[in-house]
Every structure is written in C-alpha cells, then in structure tokens.
Amino acid sequence: MKNTVLAKRYAKALFAVGKEDGAFADYAKLLNELSELYTGLPEVPDALTNPLYPEDVRLKVMESLARALQAPPVMVNFCKLLVEKNRAGILPEIAQVYQEMLDQENNVVRGMVTSATELPPEVNAKIKATMEKLTGKQVELGNRIDPAIIGGMVAKVGDLVLDGSIKSQLAGLKESIKGRE
C-alpha cells in the first residue's frame, strides 16, 4: 500500500513536468523501458537499491541507464532523485501509475482477450471495435491463450467483462440442471 502511494506521488510529479514540457508520452516510454530493465535483469535492482554500494555508485549506474536510453535531462534528474531518496525500488510501480495517467489523459483503456486458440486479426479488430463502442474510449487489447476455457473467448476492459467462453456456458448449464433437482 505504501509503495502505491509513493509511486502515485512520484508519477504525478513527473506527469506534471512532462505536461509542461509537452513530453509526457516520451517520459512514459522511457519509464516503461527502465521498468523492463529493472524487472528483467536481476543485476539492475541490486545495483540501484543495494545499500552496500555507495550512493555515488548507485547514482552513476542510474545515470548510465538513463543516458543509454537517451533520456532527456529531466528524466535523468528524475531517475537520480529516485536513487537519492531510496525510491529506485518502486520504479516499476511508478511506470505503471504513470502509464495509467497517460492512458486516462488520452482517453485510452487497456483490455485483455482470452481465447482457447489464437484469434485471427479480423476477429481481434471486431472485438476492439465492439469494446470501443461499449466504453466510448479508445481500446488497446492484448491477447492471451488459455485452453482451459475450451472455446469462445473472454474479453475484459476495465470493469467490463464479456464472457462467451464454453467453460462458463457449461458451468451455467450445470447450475441450471442442479437447480431443477
């Protein structure tokens, strides 16, 4: 809980600066890239958060990462601030909160379509169009394959869930048969 509050605070501050600069979308991209490095390579969190390393070494590591991603000076300073305040450990949460803020600013919602097999692109396009009509927002969908749903699909966007899976239909049929006993 505490990390979420801190992540929101840092993301809000960076978002405000990004909005002033007109570069808040670029900052989101950089934050996501840094977050991927942080979560993808175990050496990165260790180098940025391990108190056994002096702060100046951790600052140099963070600055090197930011510069390698061709971050503007504002982002380099933000990243260094995270190290100075011992907040580098919440970098993935900050990136997530920042992306949510950017999505809200751009009237975008993200969703997931789960199906038993891979869906053709035209089906994905129809699902996306339907979800956009229902939500009134631009929808970005991800796809996941889960053979456990047997067939059909489950589409989730925010609080909206459209479940057309055979698994849920079978469960409903089972309940209706049990109800008649």
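The following dialogue examines how terms are applied to a predicted model.

Modeller: This is a predicted model, in which local features need pLDDT of at least 70 and side-chain atom pairs count only at pLDDT 80 or more, while totals for chains, interfaces and linings use all residues. Residues are numbered from 1 along each chain as its sequence is written, and side-chain values use heavy atoms, with hydrogens and water left out.

Biologist: What makes residues 55-68 helix α4, and what span does α4 reach?

Modeller: Helices (H or I, at least four residues) and strands (E, at least two) are DSSP runs, numbered from the N terminus. Helix α4 has 14 residues and reaches 20 Å from its first C-alpha to its last. The expected span is 1.5 Å times one less than the number of residues, and for α4 the value is close to the 20 Å expected.

Biologist: Which residues of α4 are buried, and how do you know where they lie around the helix?

Modeller: Buried means under 20% relative accessible area, exposed over 50%, and partly exposed in between (1.4 Å probe, protein chains only). The buried residues of α4 are Arg-58, Leu-59, Met-62, Leu-65 and Ala-66. Seen down the axis of α4, they fall within an arc of 125°, so they line one face of the helix; the arc is that of the directions from the helix axis to the C-beta atoms. The face turned away from this buried side carries the exposed residues Lys-60 and Ala-68.

Biologist: What covers the buried residues of α4?

Modeller: The cover includes α2 (24-40), α3 (43-49) and α5 (73-84).

Biologist: What makes Lys-80 and Glu-63 a salt bridge, and which parts does the pair tie together?

Modeller: Their side chains meet at 3.9 Å, N to O, which is within 4 Å, and therefore the term applies. Lys-80 lies in helix α5 and Glu-63 in helix α4, so the pair ties together parts that are 17 residues apart in sequence. Lys-80 counts as partly exposed at 23% relative accessibility, and Glu-63 is also partly exposed, with a relative accessible area of 23%. Glu-63, Arg-67 and Lys-80 are linked in a network of salt bridges.

Biologist: Is Asp-103, the partner of Arg-110 in a salt bridge, buried or exposed?

Modeller: Asp-103 has a relative accessible area of 10%, which is under 20%, so Asp-103 is buried. Arg-110 is partly exposed, at 42%. The closest N and O atoms of this pair are 2.7 Å apart. The structure holds six salt bridges.

Biologist: How do you know that strands β1 and β2 pair?

Modeller: Two strands pair if DSSP finds at least two bridges between them. Eight bridges join β1 (residues 108-115) to β2 (residues 138-145), and the two strands run parallel.

How values were computed:
Contact = heavy atoms within 4.5 Å.
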